[in-house]
Every structure is written in structure tokens, then in C-alpha cells.
Amino acid sequence: MRQFILGLDQGTTSSRAMVFDGEGQVTAIAQREFQQHYPRPGWVEHDPSELWSSQSGVAVEALTRAGLRPRDLAAIGITNQRETTLLWERESGRPVYPAIVWQDRRTAATTDRLKADGLEEEFRKRTGLVLDPYFSGTKLQWILEHTEGARERAERGELAFGTVDSWLIWNLTGGREHVTDATNASRTLLYNIHAGDWDDALLETLNIPRAVLPQVVASSGVCGEAEASHLTGVPIAGIAGDQQAALFGQACFEAGQAKNTYGTGCFLLMNTGAEAVVSRNNLLSTVAWDIGSGVEYALEGSVFTGGAVIQWLRDGLGVIRSARESEALAAGVEDNGGVYIVPAFSGLGAPHWDPYARGSISGITRGTTAGHLARAALESIAFQSADVLRAMHRDSGIELRELRVDGGACANNLLMQFQADILGVPVVRPQVTETTAFGAACLAGLAVGFWKNREAIAETWKTDRVFEPAMAAERTAALRRGWDRALERAKRWIEQGSED
Ligand code: ADP
């Protein structure tokens with residue numbers, strides 16, 4: 001009777017639970033926001049107990065809505081905000097410090113020092129990552145150094161480190177399982193993505209005792225059974241970080257397939273198959289998943305300001321009342337009228353990595369209207385994504401055949417058409433754009449035979465709309481030249497070391 005899969009999606013601002021049927025359709029959904037803590041400038045924390053209570057709360061709610069009991073569930077899949085770092089007592093399950101969130105910059109001085117010591121190349125070769133406070137390793141080191149007695153207790157094996165997936169599974173299994181999967185491990189700066197194990201040399205560099213680390217298990221495979229009352233006996237069978245889960249949920253199973261999530265920022269991942277491509281263009285190499293038949297890898301690049309530029313049109317400029325209105329406003333003009341917005345509000349991410357860049361509007365004339373600004377804002381989302389994809393092409397040599405899309409702003413048809421035009425490849429929007437939770441459900445479903453194989457999952461993936469490129473090549477080239485010129489004006493804007 002086990003006809004459903006539960007996908008738990010523990011995100012940065014909310015916890016979500018979704019029930020899927022065998023066709024991949026959403027049967028029920030529940031969501032709960034939780035509190036963000038900003039104890040100091042640049043610090044971001046979550047309360048671990050709230051992460052767990054909100055997540056288990058929405059799981060119950062989704063099951064109740066769908067009228068299901070634990071015995072109706074074939075498995076649970078878990079996906080999570082990545083890099084967020086927790087440390088807790090094995091004996092009591094009590095956290096020794098709040099969760100340090102991926103956005104937290106408190107370890108910037110540490111990563112600067114490691115860079116100054118010439119260690120970046122070493123970290124990049126072993127982990128696929130760059131040295132940045134974003135990742136878990138230096139956050140864990142910080143907790144060990146700043147919590148009374150933590151280091152000694154960690155060395156004695158009394159403490160457990162985990163990303164959010166580990167924390168949820170620990171709680172779901174009543175403290176029986178201390179595990180993570182390779183996608184989450186690959187975001188810690190501690191995991192060798194080629195060897196598929198924690199890296200002793202890096203552990204030594206960051207002074208992390210092995211005794212705190214979770215066991216790394218497959219992204220698809222039963223790793224425990226839930227004990228929490230409302231889910232008793234249900235196997236936990238899928239784990240992946242949110243972006244990797246979305247790649248899986250988009251059925252990007254072949255090397256060269258890519259997805260872009262258009263949210264506040266944009267997250268692009270391209271499957272590179274069994275090969276971990278070491279980036280020469282400032283992208284990250286990361287584990288896509290380990291579904292038991294060997295690890296597969298992805299290249300990843302993020303754009304800091306994506307859909308957020310539309311929020312700025314709404315809240316900063318006041319030219320629209322809702323994000324949706326941006327489409328009609330932009331459609332009111334024929335083209336961008338020579339106007340380019342570079343929304344480097346907080347610097348530029350991949351592939352430019354310029355923390356000193358700031359936003360710019362170029363090419364304004366007396367004839368510029370709000371319509372042109374709306375168009376330029378939407379186009380900036382597509383240009384930035386195209387820059388990341390160009391870097392992926394340079395790194396991997398792989399020609400993109402199509403781009404699969406999800407996230408809030410993929411509802412914008414004008415943006416999607418422009419993205420196809422500027423890339424020269426079709427942009428494909430699926431019917432179910434809840435790809436993150438779905439991806440976790442797929443990984444779990446695959447492990448317990450709910451879906452026989454990846455082909456069966458690919459069959460549930462259905463197209464909503466394909467945007468075919470329709471722009472002449474000269475026009476595309478001219479637009480990209482304009483964008484590149486505008487970018488130059490935004491880069492290196494504020495003085496190095498200055499905060500404003
Ligand atoms: P997140 O998960 O990062 O909060 P979502 O996937 O919910 O983001 O997407 C929200 C973002 O998408 C917002 O920044 C919003 O401005 C943008 N957005 C939503 N709908 C549209 C639309 N129709 N056109 C353009 N942007 C949109």
C-alpha cells in the first residue's frame with residue numbers, strides 16, 4: 001500500500017514537506033517559516049531545535065492534509081540548505097552552538113589567511129571548492145575554537161558535526177544515525193571529491209578531529225528508519241543538498257544536461273558525468289550524487305542577484321507592484337533601447353567573483369522609460385546566467401543542448417524567451433517546478449524500488465513549455481557585447497577594503 005514518497009526540504013527561510021505519488025504529482029504540501037538570527041553584522045544563525053521542530057511539524061501537516069499514515073509512505077527523502085553547520089552532543093543530542101548559516105561571513109579572516117598561505121590550489125584540487133567562508137569547514141573550526149571545552153570533547157568523540165541533513169536524520173532516528181551524503185560532504189572543504197572520503201590532510205590543516213564527522217552514505221540508499229512517532233518505521237532513503245536535488249528532480253541524468261534555478265539568486269548546475277571537472281573559470285566542482293553506481297559530478301556557478309533585481313524594481317524604484325508585472329511592463333517596449341542594468345548589488349558571483357563591483361545602469365538616453373528599465377532588469381538575469389554557462393562550456397568542453405529551468409522567476413515568459421535567445425539553445429520549463437523536494441523524493445524512491453530506475457523518473461518529468469531561440473546571431477552578439485561593456489563599468493567600483 002506504500003504509494004507515496006515524502007520529500008522534506010529544509011531551506012534557508014522555511015521548512016517544507018511535500019508528498020508525491022508515483023506519477024511525480026504533488027499530493028500535499030506544507031510549509032513553515034522560521035526565525036533568522038543576526039547576532040552581529042555578517043553573522044547569520046538558525047536555532048537547531050527550530051530547524052527540527054519546523055521540519056517535523058510540516059511533515060505531520062502534509063501527511064494529515066493528504067490523509068496518510070506512515071504505512072502509506074514508501075520512503076522519506078531529505079534535501080537541505082547546504083553548508084549550514086551544526087555541532088551537538090552525542091549523549092544528549094543537545095547542540096553546543098546555534099547553526100551557523102551558509103551566508104555567515106565570520107570566518108572570512110580564516111579563509112583569507114589560508115589563501116595567503118598559498119593553500120587555495122590544494123583545497124581546489126581536493127574539494128573542488130574555492131576558499132570562502134561560505135563552506136562548512138571553517139565554520140566548524142570556529143565553533144570548536146569558540147565554545148568552552150568543545151575541542152577536547154570533540155577529540156574524545158563526544159560531539160557530532162553535521163550539515164542540516166545529518167541533524168534531521170539524527171533527530172528522525174532518535175540519535176541512532178550520524179550520516180551525511182556525498183553532496184553535502186562535498187560542501188565542507190573537508191571532503192576529497194575524487195577519493196570519496198574525508199581528507200586527512202585538510203582535516204589537519206583546519207584542525208578538525210575525525211571523531212566529529214558523520215559517516216558518508218549514498219545519496220540514494222536506505223540509511224535508517226524513522227522513529228519519530230508520526231513517521232515510525234518509514235525508511236530514510238534519499239539525501240542531497242538542495243541544488244543537487246533540483247538537478248536530480250529535473251532529470252538531468254546525462255553529462256551536459258543543466259538546470260538553472262531562478263530565485264533570489266540563480267543557481268546553475270551542469271552534470272559532468274563520472275568526471276570531476278576542475279574549473280579554470282572560477283566555478284565549483286561538486287558531487288552531483290552518488291546513487292550507488294559510482295559518484296557523478298557537476299559544475300556549479302551562482303549568480304548573487306537574480307530575481308532580486310525584480311524585487312528592487314518593485315520596492316526600490318516602485319515601477320511595478322508585483323514581480324509578475326515586470327513582464328507586461330517589459331513587453332511594452334520593443335527592446336532594451338540600449339539600456340543595461342548590472343545588478344551587482346552585493347558584488348558579482350561566478351564567474352566574475354568581484355566583491356567590489358556594485359550595480360550600474362548604462363546607456364540611458366532622454367527616451368529611456370520604465371519599460372526599458374524593466375526589460376534591462378530581466379535581461380540582466382539572463383546575461384548573468386549566460387556568463388556562467390559560457391564558463392561551464394569552457395571548463396568542460398560540453399555543448400549545452402537545452403537548459404531546464406525552475407524557481408519563482410521561471411514563470412516569466414519574456415525572461416525565458418530572452419534566455420533561449422541569448423544562449424542559442426532551447427529553454428525548457430517543466431510542469432512541476434518544485435524540483436528540489438521532488439529530487440529528494442526521487443532519490444529516496446529509487447532506493448526502495450518505488451521507481452525502478454532513472455528512466456522511470458525521467459518519464460514522470462513533463463514539459464510545460466519549450467522556449468526556442470529565435471533571435472538572429474548578429475543581434476545576440478551585439479547584445480552580449482553591450483552587456484560586457486556594461487559589466488566593465490560595474491566591476492571594481494568600490495575601493496578595496498571599503499564596505500560601502
Ligand atoms: P527564493 O527561493 O530564492 O526565495 P523563489 O524561487 O521563490 O525564490 O523566487 C522568488 C524570486 O523570483 C523573487 O526574487 C521574485 O522577484 C522573482 N519573481 C517571481 N515571479 C517573477 C516573475 N513573474 N517575473 C520575474 N521575477 C519573478
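# Notebook: a look through a predicted model

I started with burial: 59% of the 500 residues in the protein are buried, where buried means under 20% relative accessible area, exposed over 50% and partly exposed in between, with a 1.4 Å probe and protein chains only. The model is predicted, so I note its terms: local features need pLDDT of at least 70, side-chain atom pairs count only at pLDDT 80 or more, and totals for chains, interfaces and linings use all residues. Residues are numbered from 1 along each chain as its sequence is written, and side-chain values use heavy atoms, with hydrogens and water left out.

**Overall build**

I looked up the secondary structure next and found 16 helices and 23 strands; these are DSSP runs numbered from the N terminus, helices being H or I with at least four residues and strands E with at least two. The radius of gyration is 22 Å, close to the 23 Å of the globule rule for 500 residues, so the protein is as compact as a globular protein of that length. For my own record, that radius is taken over C-alpha atoms, and the rule is 2.2 Å times the number of residues to the power 0.38. The C-alpha trace spans about 70 × 55 × 40 Å along its principal axes.

I then checked contacts, meaning heavy atoms within 4.5 Å. Of the contacts with a separation of 6 or more, 72% are between residues 24 or more positions apart. The accessible surface comes to about 19500 Å², and carbon and sulfur atoms hold 47% of it; the areas come from the Shrake-Rupley method with a 1.4 Å probe, and for residues only the protein chains shown count as cover.

How many residues of strand 5 are buried? I find 8 of its 8 residues buried, so to the definition's letter strand 5 (residues 73-80) is mostly covered.

**Aromatic rings**

I counted 18 aromatic pairs. Rings of Phe, Tyr and Trp (its six-membered ring) pair if their centres lie within 6.5 Å; planes under 30 degrees apart count as stacked, over 60 as edge-to-face and the rest as tilted. One of the pairs is Phe253 with Trp289, edge-to-face at 6.3 Å centre to centre and 80° between the planes. Phe253 sits in the loop between helix 9 (242-249) and strand 15 (258-262) and Trp289 in strand 17 (residues 284-290), so this pair ties together parts 36 residues apart in sequence. Phe253 is buried at 10% relative accessibility, and Trp289 is buried at 0%.

I moved on to Trp312 and Phe345, whose ring centres are 5.6 Å apart with planes at 55°, so the pair is tilted. It links distant parts of the chain, 33 residues apart: Trp312 is in helix 10 (residues 308-317) and Phe345 in the loop between strand 19 (340-342) and strand 20 (360-362).

**Arg106 over two rings**

Which rings does Arg106 lie over? Its charged end sits over Trp43, 3.6 Å from the ring centre, and Arg106 also lies over the face of Trp142, at 4.5 Å. The test I used asks for NZ of Lys or CZ of Arg within 6 Å of the ring centre and within 35 degrees of the ring normal.

**Glu379**

I found Glu379 in helix 12 (residues 370-396), buried at 4% relative accessibility. Leaving out residues up to four places away in sequence, Glu379 touches Asn336, Phe418 and Leu479. Glu379 and Leu479 are 100 residues apart in sequence, with 9.8 Å between their C-alpha atoms.

Most residues other than glycine have a negative phi, and most peptide bonds are trans. Ala350 and Pro351 are joined by a cis peptide bond, with omega about -5°, and Pro351 is in the loop between strand 19 and strand 20. Glu83 has a positive phi of about 70°; this residue is in the loop between strand 5 and strand 6 (86-89) and is buried at 2%. Ala251 has a positive phi near 55°, lies in the loop between helix 9 and strand 15, and is buried at 6%.
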